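Look at how strands pair up here, and at what surrounds them. The walk below goes strand by strand.

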Amino acid sequence: MSKQRVRHRRGKLTFGYFVAFIVVLAGSCGTSYVTHPKIRDVAFSLEGEPWVVLGTGRLIPPQSVDIAEETLPEKTAQIEFIGQSHGWLLDWKGKVYGTEDGGRNWSLKAAAFPVNSFYAKMDFINERIGLVSHGPALYRTVDGGSSWRKIFPTEDLQRTGTADDIRPGAYSQIDANIIWLVTQSKRVFVSTNGGAVWNETNSPVVPGDNILAAISEEEAWVGNAGLSHTTDGGRTWRTVSAAQVPHDVILTSMCFSDAGTGWAVGWLSRRFRLIRGRQPRV
């Protein structure tokens, strides 16, 4: 599955510990889906073949891949692919592994993060640049995962903010420069230089840190129980009406196939709900 510029969590959609909802269409997102109560994460290669991570940490490769089991870590937390050959996985102990042969062999890239990486979020935009949100910080690599640098929170935020003020929630990177981030206290920040400098926007009308889907430096969506939309870099936010996105739906992920077509998934009374554009679909 190839990467696209306008997309949230490129190449895969992940929905919490106990349940996963997988959506695929034309390289980004769509109407075909699979649910499984024990899926932790899913990633797709260029041919659209799924790699599945179970909640137990077991990695299930595609049937077409003859994987060298001895090169895998004991338990996998997250997996990510760029194209057909390059991929990364993060294990439960905070170690980053990489592959350059489509997942047949994996090698240790870095032991970059503290132990217990189960809730980490990993996203690469090309073969060199990627992000990992781990615990109270967001980290960035520019060398394919061999080294990582903390880019959020900044030293100034650490001195002035509370733990929830500066703890990353969701994030969305557009390219090598533009990154949006919402903290667990619902503060929204934007960087236009790869995380070197962060500018805080105004707070969304319907705050939430479950999902954040950025389309450009000016346009983004933020929400969980409700959804807010900005087209001016966060200076103003518009609340999406309950007729379009019911406020009793707890949104868990969102992606865009282009600037005008978005897909969101969320919980509603034990059911997943898939919402496309302005018309909800169950």
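In this predicted model, P168 has T183 in β15 as its bridge partner. P168 belongs to strand β14, residues 168-173, which runs antiparallel to β15 and is joined to β15 by 4 bridges. The two strands form a hairpin, with 5 residues between them.

β15 also pairs with strand β16, residues 188-191. That pairing is antiparallel too, over 4 bridges. Here W180 has V190 in β16 as its bridge partner. β15 and β16 form a hairpin with 4 residues between them. K186 sits in the turn, with a positive phi of about 75 degrees.

How many residues of β15 are buried? The count is 5 of its 5 residues, spanning 179-183. In a regular strand, side chains alternate between the two faces of the sheet. In β15 both faces are covered. I179, L181 and T183 are buried on one side, W180 and V182 on the other.

Now turn to another sheet. It is open, with 4 strands in the order β18-β19-β20-β21 and antiparallel pairing. β18 (211-214) and β21 (238-239) stand at the edges with a single partner strand each, so one side of each lacks a neighbour in the sheet. Strand β20, residues 226-230, is joined to β21 by 2 bridges. S228 stands opposite T239 in β21.

H229 also lies in β20. Is H229 buried or exposed? H229 is buried, because its relative accessible area is 11%, below the 20% cut-off. Its side chain makes a polar contact of 2.7 Å with that of E219. Beyond residues up to four places away in sequence, H229 touches E219, A220, W221, T236, W237 and R238.

How values were computed: Residues are numbered from 1 along each chain as its sequence is written. This is a predicted model: local features need pLDDT of at least 70, side-chain atom pairs count only at pLDDT 80 or more; totals for chains, interfaces and linings use all residues. Side-chain values use heavy atoms; hydrogens and water are left out. Two strands pair if DSSP finds at least two bridges between them. Buried means under 20% relative accessible area, exposed over 50%, partly exposed in between (1.4 Å probe, protein chains only). A polar contact is a pair of N or O atoms within 3.5 Å; within protein, one must be able to donate a hydrogen and the other to accept it, and residues adjacent in sequence count only if both atoms are side-chain atoms. Contact means heavy atoms within 4.5 Å.
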